[in-house]
Amino acid sequence: MLDSTSRISRRGLLAGGAAAVGLLLAGCSGGGDSAKPSTSSDGPWTFTDDRSEKVTAANRPTRVVAFTGTAAALVDFGLDKQIVGVFGETKRADGTVDPQAGGLNVESVEILGNVWGEFSVEKYAALRPELLVTHMYDPGALWYVPDESKDKILPLAPSVAVTTARVPMTTPIERYAQLAESLGADLSAKKVTDAKARFEAAAESVRQAVRANPGIKVLAASGSPDLFYVSNPKVSTDLMYFAELGVEIVVPTKLEAGDYFEALSWENAGKFAADLILLDNRSTALQPKDLAAKPTWAQLPAVKANQVAPWDAVPRFSYAGAAPLLENLATTIRAAKKLS
């Protein structure tokens, strides 16, 4: 897992105000050349994950526990009753389902933890898990599996980690599709093929929007009470993919440990010129209404022009989860005006 310095640095980008300095997000790209996983329901099951670890089981796992967004991605690819437990933001304080959960039926799964650092080992053990699955933003670091209890969690079942940073968004999407298929999902099902077609059309709509409205500078950021975090498109997997589609994304110049972001004091929030701001829309980050009282936020050209759009800083890595993000991005770019 990560040392405390790396973890705190990444948390600064993802958590915003509620958790002081935040969460984490980076990664490596191993595992992409692994052999095709076993898909037979009889006999041994294998899958080589992005730690380059060959994960094995006597039979295909049927009791899967996953980070909520991971579980939702697997559901998008066709899994269902295999998901028995989740950890990570699943239900909001008012009882509504967190957007991270996507199409997951949260009433049918055990919620082991609903916030960063919360993971009930006792509930996990009681589920008789056969596989644990989560993102990997930094090499070897299992997203939302707490450092302080990982030695009790990991021996209870095999684990799979999928890289979700420093690679374009299509890479983890493809890896989760491969994992879902190995667990019994049918990737030729209409639900999956329709979602992929929608994703591909949405990606093309972003390309067309950029060609129709060139030169729009986009800044992706997260706000906390004391700092304004500018995200690095060379690390954030979705931003990296947006850039591949032609979007001009601001690259921060004074990066914190891990190269995930530049942390600006609010006095320096205007350091980078931007026509459009993508603002972290999770409950752990400050939203426009929360930032309205900050004079430097209110003076940013994009804010004055009402060119601020929500950003899913931890996207759902499936075609169904990512397609709406691309559609919204295309619409936003198309409507944006050049401010400088």
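Q: Okay, let's start with β4 and β5. How many bridges join them, and do they run parallel or antiparallel?
A: β4 and β5 run parallel, and three bridges join them. In that pairing, Phe87 stands opposite Gly113 in β5. One thing to keep in mind: this is a predicted model.

Q: Noted. Which strands form the open sheet, and in what order?
A: There are five, in the order β5-β4-β3-β6-β7, with parallel pairing.

Q: And which ones stand at the edges?
A: β5 and β7 do. Each has a single partner strand, so one side of each is left without a neighbour in the sheet.

Q: How much are neighbouring strands turned against each other?
A: By 25° on average, if you ignore direction.

Q: What does α2 touch when it packs on the sheet?
A: Helix α2 touches β3, β4 and β6, and its direction makes about 120° with that of β3. There's also helix α5, residues 170-182, which lies across β6 and β7 and runs at about 155° to β7.

Q: Let me zoom out. How many helices and strands are there in the protein?
A: Eleven helices and 13 strands. The protein has 340 residues, and 54% of them count as buried. Its accessible surface comes to about 14,000 Å², with 51% of that belonging to carbon and sulfur atoms.

Q: What about contacts between residues at least 6 apart in sequence: what share join residues at least 24 apart?
A: That share is 70%.

Q: Switching topic: how many aromatic pairs does a search of the whole structure find?
A: It finds 16. Take Phe77 and Tyr319: their ring centres are 5.9 Å apart and the planes sit at 85°, so the pair is edge-to-face.

Q: Where do Phe77 and Tyr319 lie?
A: Phe77 is in the loop between α2 (68-76) and β4 (83-87), while Tyr319 is in helix α11 (residues 319-335), so the pair ties together parts that are 242 residues apart in sequence.

Q: Are those two buried or exposed?
A: Phe77 counts as buried at 2% relative accessibility, and Tyr319 counts as buried at 10%.

Q: How exposed or buried are they?
A: Trp116 is partly exposed, with a relative accessible area of 25%. Trp143 is buried, at 1%.

Q: Which aromatic cluster are they in?
A: One formed by Phe67, Phe87, Trp116, Phe119, Tyr124, Tyr137, Trp143 and Tyr144.

Q: Last one: where is Asp49, and which side chain does a polar contact join it to?
A: Asp49 is in the loop between β1 (45-48) and β2 (54-57). A polar contact of 2.6 Å joins its side chain to that of Arg51. Asp49 counts as buried, at 0% relative accessibility.

Note on methods. Residues numbered from 1 in each chain as written. Predicted model: local features only at pLDDT ≥ 70, side-chain atom pairs only at ≥ 80, totals over all residues. Heavy atoms only, no water. Phe/Tyr/Trp six-rings, centres within 6.5 Å; stacked < 30°, edge-to-face > 60°. Helix = DSSP H or I, 4+ residues; strand = E, 2+ residues; numbered from the N terminus. Buried < 20%, exposed > 50% of the residue type's maximum accessible area, 1.4 Å probe, protein only. Contact = heavy atoms within 4.5 Å. Areas by Shrake-Rupley, 256 points an atom, 1.4 Å probe, with all protein chains shown as cover. Polar contact = N/O pair within 3.5 Å; in protein donor to acceptor, adjacent residues only side chain to side chain. Pairing = 2+ DSSP bridges. Axes fitted to C-alpha atoms, helices over the stretch in contact; angles between N-to-C directions.
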